[in-house]
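Colleague: I would like to learn how to read a structure, one feature at a time. Could we start with the strands and go on from there?

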Amino acid sequence: MPTRVPFDLDAYIRRIQNSPCFICEMVAGRLRGNHIIYQDDCSIAFLNKYPMLYGYALVAPIAHREQVTADFTLAEYLALQANVYRVAEAVRRSVPAERVYILSLGSQQGNRHVHWHIAPLPPGVPFEQQQLEALRVEHGVIDLSDAEMQALARSIRANMDDLAR
Ligand SMILES: [Zn+2]
């Protein structure tokens, strides 16, 4: 089991409610400490900086859109979902996963830029600790070094490239 460290939820909420959109900042190259897996004209994929599960990735549109369906045409939505599929499948090939969760959450009170969570559940987690319970930040986040995050992002990217071949 990877080491977990406590997560300061109150500080996090204060930060996201009082900072410019972190996804737009990351796309503009003004943010440090994020591990980008993949970027193209329509989407960006990156590792969750505060992963509850090992291999936890996020996919977002490059453009600042907020509503999960209302802010997209069907064609735009499907193009984005093609990348959600590719990232999820690459995550599944990169880390041990009994099941891969895909969710879109976000809030109009912080983290407004719509994004999809790709969260791989490792094998052997008891039923009552799966699903939303496995995503609770109150259980702490996985402590990964910068080098470990970099290696993980590279591995997911390599699997995406393999899928495209
Ligand atoms: Zn944004």
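This is a predicted model: local features need pLDDT of at least 70, side-chain atom pairs count only at pLDDT 80 or more; totals for chains, interfaces and linings use all residues.

Colleague: What joins β2 to β3, and through how many residues?

Modeller: A hairpin makes the join, through three residues.

Colleague: In what sense do β3 and β4 pair, and over how many bridges?

Modeller: The pairing of β3 with β4 is antiparallel and has five bridges. As an example, F46 has L58 of β4 as its bridge partner. Strand β4 is also joined to strand β6, residues 116–121, by three bridges, and those two run antiparallel. On that side, H117 of β6 stands opposite L58.

Colleague: How many of the five residues of β4 are buried?

Modeller: To judge burial, look at the relative accessible area; buried means under 20%. Strand β4, residues 57–61, is mostly covered, with five of its five residues buried. Next, take the faces of the strand one by one. A57, V59 and P61 lie on one side of β4, L58 and A60 on the other, and both faces are covered.

Colleague: How far apart are I23 and P61 in sequence and in space?

Modeller: The two are 38 residues apart in sequence, while their C-alpha atoms are 8.9 Å apart in space. I23 lies in helix α2. With a relative accessibility of 0%, I23 counts as buried.

Colleague: Now the aromatic rings. How is a pair of aromatic rings described?

Modeller: A pair is described by two values, the distance of the ring centres and the angle of the planes. This structure holds seven aromatic pairs. In one of them, the ring centres of F72 and W116 are 6.4 Å apart and the planes are at 55°, so this pair is tilted. F72 is in the loop between β4 and α3 and W116 is in strand β6, so the pair links distant parts of the chain, 44 residues apart.

Colleague: Are F72 and W116 buried or exposed?

Modeller: Both F72 and W116 are buried. For W116 the relative accessible area is 4%. W116 also pairs with Y77: the ring centres are 6.0 Å apart and the planes are at 65°, so this pair is edge-to-face. Planes over 60 degrees apart count as edge-to-face. Y77 belongs to helix α3 and W116 to strand β6, so the pair ties together parts that are 39 residues apart in sequence. Y77 is partly exposed, at a relative accessible area of 22%.

Colleague: Which residues do ring pairs link into a cluster?

Modeller: The cluster consists of F7, Y12 and Y50.

Colleague: How much space lies in the largest pocket?

Modeller: The largest pocket holds about 1,100 Å³ of space. Its lining has 41 residues, and the closest to the centre are Y12, I16, Y50, N111 and H115. To read a lining, ask which elements supply it and which classes of residue it has. α1, α2 and β3 each supply at least two residues of the lining. The largest share comes from α1, with six residues. By class, the lining has 21 nonpolar, 13 polar and seven charged residues.

Colleague: Where is Q131 found?

Modeller: Q131 is in the loop between β6 and β7. Q131 is not a glycine either, and has a positive phi of about 50°. At 45% relative accessibility, Q131 counts as partly exposed.

Technical notes
Residues are numbered from 1 along each chain as its sequence is written. Side-chain values use heavy atoms; hydrogens and water are left out. On a 1 Å grid over the protein atoms alone, a cavity is a set of points where a 1.4 Å probe fits but cannot get out, and a pocket is an open set with protein on both sides within 12 Å along at least five of seven lines; lining residues have an atom within 4 Å of a point. Grid points are joined across faces, edges and corners, and a volume is the space filled by probe spheres set on the points. Helices (H or I, at least four residues) and strands (E, at least two) are DSSP runs, numbered from the N terminus. Ala, Val, Leu, Ile, Met, Phe, Trp, Tyr, Cys and Pro count as nonpolar, Asp, Glu, Lys and Arg as charged, and the others, Gly among them, as polar. Buried means under 20% relative accessible area, exposed over 50%, partly exposed in between (1.4 Å probe, protein chains only). Two strands pair if DSSP finds at least two bridges between them. Rings of Phe, Tyr and Trp (its six-membered ring) pair if their centres lie within 6.5 Å; planes under 30 degrees apart count as stacked, over 60 as edge-to-face and the rest as tilted.
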